[in-house]
2 protein chains.
Amino acid sequence: MTVLQRETGRRVLFREIRANGPVARIDLAARSGLSRATVTGLTADLLRAGLIEEVARDGGDAAPARGRPRVDLKIRGAARLVAGLRIGTDSLSLVLLDFGGARLAELEQPMTGEALTAEALAKRIAAALETLAQRAGRAVGEISGLGVAVAGVVDAVRGLVHWSPSLTGRNVEFAQILADHLGMPAFVDNDANLVALAESLFGLARGRSDFLVVTIESGVGLGLFIGGRPYRGTRGCGAEFGHVKVELDGAPCRCGQRGCLEAYVADYALAREAAALPAGAIPGAMDDPATAVLAAARDGNRAARRILDRAGQVFAMGLANLVNLFDPSLIILAGERMPLDHLYDDPVLERMQALTTRTDRPPPEIRVHKWGDLMWARGAGAFALDEVANIALAALDGTA
Amino acid sequence: MTVLQRETGRRVLFREIRANGPVARIDLAARSGLSRATVTGLTADLLRAGLIEEVARDGGDAAPARGRPRVDLKIRGAARLVAGLRIGTDSLSLVLLDFGGARLAELEQPMTGEALTAEALAKRIAAALETLAQRAGRAVGEISGLGVAVAGVVDAVRGLVHWSPSLTGRNVEFAQILADHLGMPAFVDNDANLVALAESLFGLARGRSDFLVVTIESGVGLGLFIGGRPYRGTRGCGAEFGHVKVELDGAPCRCGQRGCLEAYVADYALAREAAALPAGAIPGAMDDPATAVLAAARDGNRAARRILDRAGQVFAMGLANLVNLFDPSLIILAGERMPLDHLYDDPVLERMQALTTRTDRPPPEIRVHKWGDLMWARGAGAFALDEVANIALAALDGTA
DNA sequence: CGATTTAATTTGATTTCCAAATTAAAATCC
DNA sequence: GGATTTTAATTTGGAAATCAAATTAAATCG
């Protein structure tokens, strides 16, 4: 324990620096409760290890300071290199990040959509990493770790994929297999959890300890942050928001059950509703029904509007239930490409408010974050950053 | 911080002792990661302060030990006296507990059911405490703190009652007012949270860090434990399980909204359903409809059965959603008087399982806990115990 | 009764942290 | 421009806490 004390202190300061951007030592002391002397000592360790660096204070528009100017500390980007990978249904997307989270390169590769064995996937990933590193003029060997976001049920602590649409087999030791093939540590988690982590480390929830992120793509995901850490349930797999039940014996879901939220708001749900209408009710509904519904609704088509309205209502109800249960101060609606704008419309949010307001406390802040293509991969990269930082901090203690 | 270190250690050990019953020092060392030397020192502090005591090891059926026998440590019951109070709609119930959680006395007093001012309530409580202390042959002045369980929306940290059916006015500084009137610290929280705390300290969830408790009385409540602490939401008021929405534009709830879980499973929901049936469909439904429905269902009345089945289905769906979101390892269904046995029936739990099983991981353990009349008051007492222990530990540090 | 075994305590050294004093780096004053 | 003021960061010296190892304590076994 005697040794763990200093390590704990270093971890606290490292987190604080990462969460609160460039920060002066004196602020760190105030925030952490440690004395200034101790902060000097601990940050000296981190500086010596090259994990953080000093930067001249960016005065900004502030008044010219009076005494000795503060020296800000921040994460040293050059300290490590990590990669983030999202295994989607029809593509692999990757980012290369520096230790500060800055994007150095990105890559997208098409996939067949079929599930692969872990080994086959590992080979594809190895090749992709090679290309990714090349684009940034770096070598794969320089990368300290790979974060992986997969859909499905994942035990992130053990790197175990219980089930995923991307993998054949069940209960695959995916993190271990990847590490063996790639020669670097790999960290696997559910994709929605990782988006939440990214929001926490360098997104809209930076420095906040309790919030939740709803991801919307073709399915609906939920990432929870409670007490400053991702909440993963007691067996490593919670927050199946998409399969929360919103109606008894409701619409069939692709998970095999009925009445799931996803069965009302996902793209295939829109397609199902469109198919139930008389032929021709929605133009173009034959080819790509989901897109056709969205387009028709924009053009004012009544039937299409009704479909989207219903999806919005169900979504509002699901969100309201999250608020009722978690009482978060912040909800982030995160989307990648977001053709599903109708779910973020004011009427939906108003309806959600109506289903929750019971007290005079202010409603939770709701922010929409349109990440762009790399949302998932960046989330995975955030995971790698976090884990690689942990490893670096632990190693530091062994040698110091 | 240097002083806080020792205090932290003492807190850790105190919690460990409370959570793991009589425990030997050597086990404490193993569990806490502290050295045996440190454990000796810290427990000596606690012993000297009279917060814990040594007890001869209860060998039980174990093999006769070989070396020096372990000396178990446990919370010293005589250390403090606390009271727990539940303010219900039609009664005040109180318990007097010793520091180990043992019940010394209890008291139940009828209430008119009307909301009172905080001051009026405080006077009634003062009188009740007098009687309660008398029953145990103690004086009110000996009581170190009072825990209070109220229905409604409570900010436990600040002792603020945003709203409660028992109190007139809003945003009442109830803890402060009670402390002023009673001459002892008072701690106020939502009643379901406190039942969860009681399960954690001396109930079915003793020593477990992540679980949830569903309370069923006339309404439905939820208490969450996450990471070893009660989860209260970011503004001190989460977990409104009773008002989770289970149907779009569903049945009206007494909260003024529609489709709340409570509007399907509470006693008044049963009454509403019964009233919608043709007269005479359920015998005795005129006088006390909820009870009549329950009785008729037991006698095999079809219509009554259907009402209860529906309530059970909705309840199963609500539970399943909790499992989907929290992935708890343990769910406790806690009831006081429990005329609502139908909600605990196997078919309901099976249905719940069916709405969640998607993986090969084992389903969460579900346990039914029929506390008896004092469930709520004991929960409040548990809160007082916890807070009084915190005060004692903090004080210990000031003087040591 | 001595040997053995295991638990708990004591001892001595080390680590860690903090308060106070000191040094550092700027702006302001005269 | 140099002295003064102000604030930040570091150094210093001492106090506190922890741990490993040695010692003591309390039991059983042969």
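**Close-up views of a predicted two-chain model**

The structure is a predicted model, and the legends below describe close-up views of it.

**View 1. The largest pocket and its lining.** The space in the largest pocket comes to about 1,500 Å³. Its lining consists of 41 residues, and those nearest the centre of the pocket are I226(B), G227(B), G228(B), R229(B) and P230(B). Two or more lining residues come from each of these elements: β13 (229-230) of chain A, and α1 (2-19), α6 (191-202), β12 (220-226), β13 (229-230) and α12 (375-399) of chain B. The most is given by α1(B), with six residues. Sorted by class, the lining holds 14 nonpolar, 14 polar and 13 charged residues.

**View 2. The domains of chain A.** Chain A is divided into domain 1 (2-59 + 70-75), domain 2 (79-197 + 377-385) and domain 3 (240-328 + 337-370). Taken over C-alpha atoms, the centres of domain 1 of chain A and domain 3 of chain A are 45 Å apart.

**View 3. A three-stranded sheet in chain A.** The strands of this open sheet follow the order β1-β3-β2 (chain A), and their pairing is antiparallel. Which strands form the edges? They are β1 (23-24) and β2 (52-56) of chain A, each of which pairs on one side only. Two bridges link β1(A) with strand β3 (residues 71-75) of chain A in the antiparallel sense. At one position, A24(A) has D72(A) in β3(A) as its bridge partner.

**View 4. The hairpin of β5 and β6 in chain A.** Strand β5 (residues 91-98) of chain A runs antiparallel to strand β6 (residues 103-110) of chain A, and seven bridges join them. S91(A) is placed opposite P110(A) of β6(A). Between β5(A) and β6(A) lie four residues, which complete a hairpin. In the turn, G101(A) has a positive phi of about 95 degrees.

**View 5. Strand β10 of chain A and its parallel partner.** Is strand β10 of chain A buried or exposed? Five of the five residues of this strand (residues 186-190) are buried, so β10(A) is largely enclosed by the rest of the structure. Strand β7 (residues 145-150) of chain A runs parallel to β10(A), and the two are joined by five bridges. One residue of the pairing is L146(A), whose bridge partner in β10(A) is A186(A).

**View 6. Helix α2 in each chain.** In chain A, helix α2 (residues 25-32) has L28(A), A29(A) and S32(A) as its buried residues. Viewed along the axis of α2(A), they fall within an arc of 100 degrees, so they line one face of the helix. An α-helix has 3.6 residues a turn, so residues three or four places apart point the same way. Just after α2(A) comes G33(A), with a positive phi of about 85 degrees. In chain B, the buried residues of helix α2 (residues 25-32) include L28(B), A29(B) and S32(B). Around the axis of α2(B) the buried residues also fall within an arc of 100 degrees, so they line one face of that helix.

View 7. Helix α11 (residues 346-354) of chain B has V348(B), L349(B) and M352(B) among its buried residues. These cover an arc of only 95 degrees around the axis, which puts them on the same side of α11(B). Which exposed residues does the face turned away from the buried side carry? That face of α11(B) carries D346(B), P347(B) and E350(B).

**View 8. Two aspartates of chain A with positive phi.** Most residues other than glycine have a negative phi. D249(A) has a positive phi near 50 degrees and is found in the loop between β13 and α7 (262-265) of chain A. With a relative accessible area of 55%, D249(A) is exposed. D327(A) also has a positive phi near 50 degrees, and its place is the loop between α10 (302-326) and β14 (330-335) of chain A. D327(A) is buried, with a relative accessibility of 0%.

Key. Residues numbered from 1 in each chain as written. Chains lettered and ligands numbered in written order. Predicted model: local features only at pLDDT ≥ 70, side-chain atom pairs only at ≥ 80, totals over all residues. Heavy atoms only, no water. 1 Å grid on protein atoms, 1.4 Å probe; cavity = no way out; pocket = protein on both sides within 12 Å on 5 of 7 lines; lining within 4 Å. Points joined across faces, edges and corners; volume = space filled by probe spheres on them. Nonpolar A, V, L, I, M, F, W, Y, C, P; charged D, E, K, R; others polar. Domains from an automatic or database assignment. Buried < 20%, exposed > 50% of the residue type's maximum accessible area, 1.4 Å probe, protein only. Arc of directions from axis to C-beta. Pairing = 2+ DSSP bridges.
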